[in-house]
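Please keep the sequence and the model in view while reading.

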Amino acid sequence: MAIVAQETKFARIFWPVLAWIVALIFFFPIFWLVLTSFKTDADAVKPEYLIMFQPTLENYLNMTENYDYWRFALNSVITSVFATVFTLFVGVPCAYAMAFNPSRHTKDVLMWMLSTKMLPAAAVLYPMTFLTKNFLGIFDTHFLIILVLSLINLPIVIWMLFTYFKEIPKEIIEAGKMDGVSTWGEIRDILLPLAWGGVASTALLCFIFCWNEAYWTVRLTTTEAATLSKLIEGNRAPEGLFFGRLSAVSTAAVGPIIVLGWFCQKQLVQGLTFGAVK
Amino acid sequence: MASLTLRDVAKAYGSTRVIESIDLDITDGEFVVFVGPSGCGKSTLLRMIAGLEEISGGDVSIGDTVVNEVAPAKRGVAMVFQTYALYPHMTVYNNMAFGLKQAKMPKDQIDKRVREAADILDIGPLLDRTPRALSGGQRQRVAIGRAIVREPEVFLFDEPLSNLDAALRVQTRLEIARLHERLGSTMIYVTHDQVEAMTLADKIVVLRGGDIEQVGSPMELYERPQNTFVAQFIGSPKMNFFNHSDLAQTAPPELRQVDEDTIIGIRSEHLSLCSAGEETLSATYELVEQLGEHALVHCTTSGGTEFIAKLDVPPQSGRDVPLYLRVSPDQVHLFNRETGLRK
Ligand SMILES: Nc1ncnc2c1ncn2[C@@H]1O[C@H](COP(=O)(O)OP(=O)(O)OP(=O)(O)O)[C@@H](O)[C@H]1O
Ligand SMILES: [Mg+2]
């Protein structure tokens, strides 16, 4: 009895402390980023000004004046929202079919979809650029970015939805069939209300992935469809490393998504554990 | 109301044949029970009738129409699932009304039907609750209610009582019997419990390994089982099987003359104690299960065959003293040992 009590006391102190340490390690880069964004470029590289410095809003003011932050932000919102909507629009019926009317090949199809994530993006960089620029003429358009973001996220979205749908007893769907509901009615009136939590967290995660995507959004845009990722990238390359300015841009880019994530924490945890924890 | 016909119906998953060529006629208003051990294909057969499972061969007809390609909701059947399968996000009312809404029935008519069904099943006060807030028995009623409102020609039940406790099972069983009486619809009921089968059925279909072993009224199956499987499946405790060598010298002559290739089947309840010299069998007993009104006595013959006798009064003598048991010859069932078929 005494041993048990001791153990729980140890556990009660040890685990929270460990959790805090890990959390702080993860949090530190963001803390540092936000801090740096209030320093001048000159102060930013001086170690002695790490914590103590003269804060300035210069970087943020520059940003909206010189770089048209809002246009990049709007592009990020447009592409992420439309890509998420489109991905779900395709993903929900697809996962529904695989969960409730599986064929012999369903498992293979799922594996195949996942395997597309294993292809290194760099391997198709040249054909993608060439085709979209010279052949299809859709380089640097919202359409292209939405399409690319959708296709990148479709496998993971289908996997997640499939896992959620699998948890719904097959009989409930069959009861719907007996009641004479159409396929769309089944999705709308039975499936989605039951898997609402799962679909919401999938959508959220998909949105975050779209927002954060950098490899393709940077390389397939110039100005028209450029997103916040491109803005960060643009501040890094041409004028050398201006840490203060770069930090401000980065903070402004990841800010919205962190706030969103903060508000939807519960949904996200559920989403990331793939419904394993309830 | 409708009759139902299965002609040469078969089901295969890939190369695994689950149902083999089944022929069955169900008349209008009949209460038919599919019974058989686990995995024999009862649910599969029921689901084929419902339209939830594709039919690999043969025809299913309801009334005069072959329904193989007809959608489940258009077959005029309603199904009560073992797990109830209520819509968790809808109230009891909407659970029952959902199918009628799909059929575009006017609101006032839906309301009338739902309230009628709720009256029959005594769930009126529960209409605004969600299934989460109901007990198992109440959920079961709602599931039945959802079937009733559609006024189907055929009701399908897949082990509807298996999730209820023993007392509730008996009560709900009676209610289903009453419901059949009241609605007069054709009902098909799947169970692996032979007591449910015996008490509910007009006609029992005994299935094994995807094949029909015997079809008949409960008493037909009890009195004239066509083979050893049905003989042991129907009735509790299950029928005792003896060899020629187990019989006493004093057994009735018509039994004495059966040969070695015959299985002699005698139900526990047909054995009774008698005095020495009149016995059909003699045995010693190891164990007595006293059930109040009668006792189940576990015995062994001198030939080593174990069996159970259902006696009104347990034997008073010691365990080493032989018990003398008799049976009237017309209550003996004879089966061919090789084929298992009734002689
Ligand atoms: N999708 C499937 N693929 C392959 N075999 C299946 C499939 N569904 C069922 N079976 C097989 O079909 C047989 C009959 O199954 P069914 O569910 O009809 O049995 P049952 O008589 O209802 O049993 P229980 O009393 O356990 O419910 C079983 O042997 C089962 O393994
Ligand atoms: Mg079954």
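## Terms and conventions

Helices (H or I, at least four residues) and strands (E, at least two) are taken here as DSSP runs, numbered from the N terminus. The model is predicted, so local features need pLDDT of at least 70 and side-chain atom pairs count only at pLDDT 80 or more, while totals for chains, interfaces and linings use all residues. Residues are numbered from 1 along each chain as its sequence is written, chains are lettered from A and ligands numbered from 1 in the order in which they are written, and side-chain values use heavy atoms, with hydrogens and water left out.

A residue is counted as near the ligand if one of its heavy atoms lies within 4 Å of it. By that rule the shell around ligand 1 consists of Tyr13(B), Val18(B), Ser38(B), Gly39(B), Cys40(B), Gly41(B), Lys42(B), Ser43(B), Thr44(B), Glu159(B) and His192(B). Helix α1 of chain B, residues 42–50, gives the most to this shell, with three residues. Sorted by class, the shell has three nonpolar, six polar and two charged residues, where Ala, Val, Leu, Ile, Met, Phe, Trp, Tyr, Cys and Pro count as nonpolar, Asp, Glu, Lys and Arg as charged, and the others, Gly among them, as polar.

Among the polar contacts (pairs of N or O atoms within 3.5 Å), an oxygen atom of ligand 1 lies 2.4 Å from an N or O atom in the side chain of Thr44(B). An oxygen atom of ligand 1 is also 3.2 Å from a polar backbone atom of Cys40(B), and a nitrogen atom of the ligand is 3.4 Å from an N or O atom in the side chain of Tyr13(B). Taken alone, ligand 1 exposes 640 Å², of which the protein buries 57%; such accessible areas come from the Shrake-Rupley method with a 1.4 Å probe, and for residues only the protein chains shown count as cover.

## Paired strands in chain B

Two strands are said to pair if DSSP finds at least two bridges between them. Strand β1 (residues 4–13) of chain B is joined by seven bridges to strand β2 (residues 16–26), the two running antiparallel, and the bridge partner of Tyr13(B) in β2(B) is Thr16(B). These strands form a hairpin with two residues between them, and Gly14(B) in the turn has a positive phi of about 60°.

Strand β1 of chain B is also joined to strand β4 (residues 57–62) by five bridges, again antiparallel, with Ala10(B) standing opposite Gly57(B). Two bridges then join β4(B) to the antiparallel strand β5 (residues 65–66), where Ile62(B) stands opposite Thr65(B).

## Features of chain A and the loops of chain B

What separates Lys170(A) and Glu174(A) along helix α8 of chain A? Because they are four residues apart in that helix (residues 170–178), they are separated by about one helical turn.

In chain B, a cis peptide bond with omega of about -5° joins Ser236(B) and Pro237(B), and Pro237(B) is placed in the loop between α8 (228–233) and β11 (240–242). Glu159(B), which belongs to the shell of ligand 1, has a positive phi near 40° although it is not glycine, and Glu159(B) lies in the loop between β7 and α5 (166–183) of chain B.

Definitions and conventions:
A polar contact is a pair of N or O atoms within 3.5 Å; within protein, one must be able to donate a hydrogen and the other to accept it, and residues adjacent in sequence count only if both atoms are side-chain atoms.
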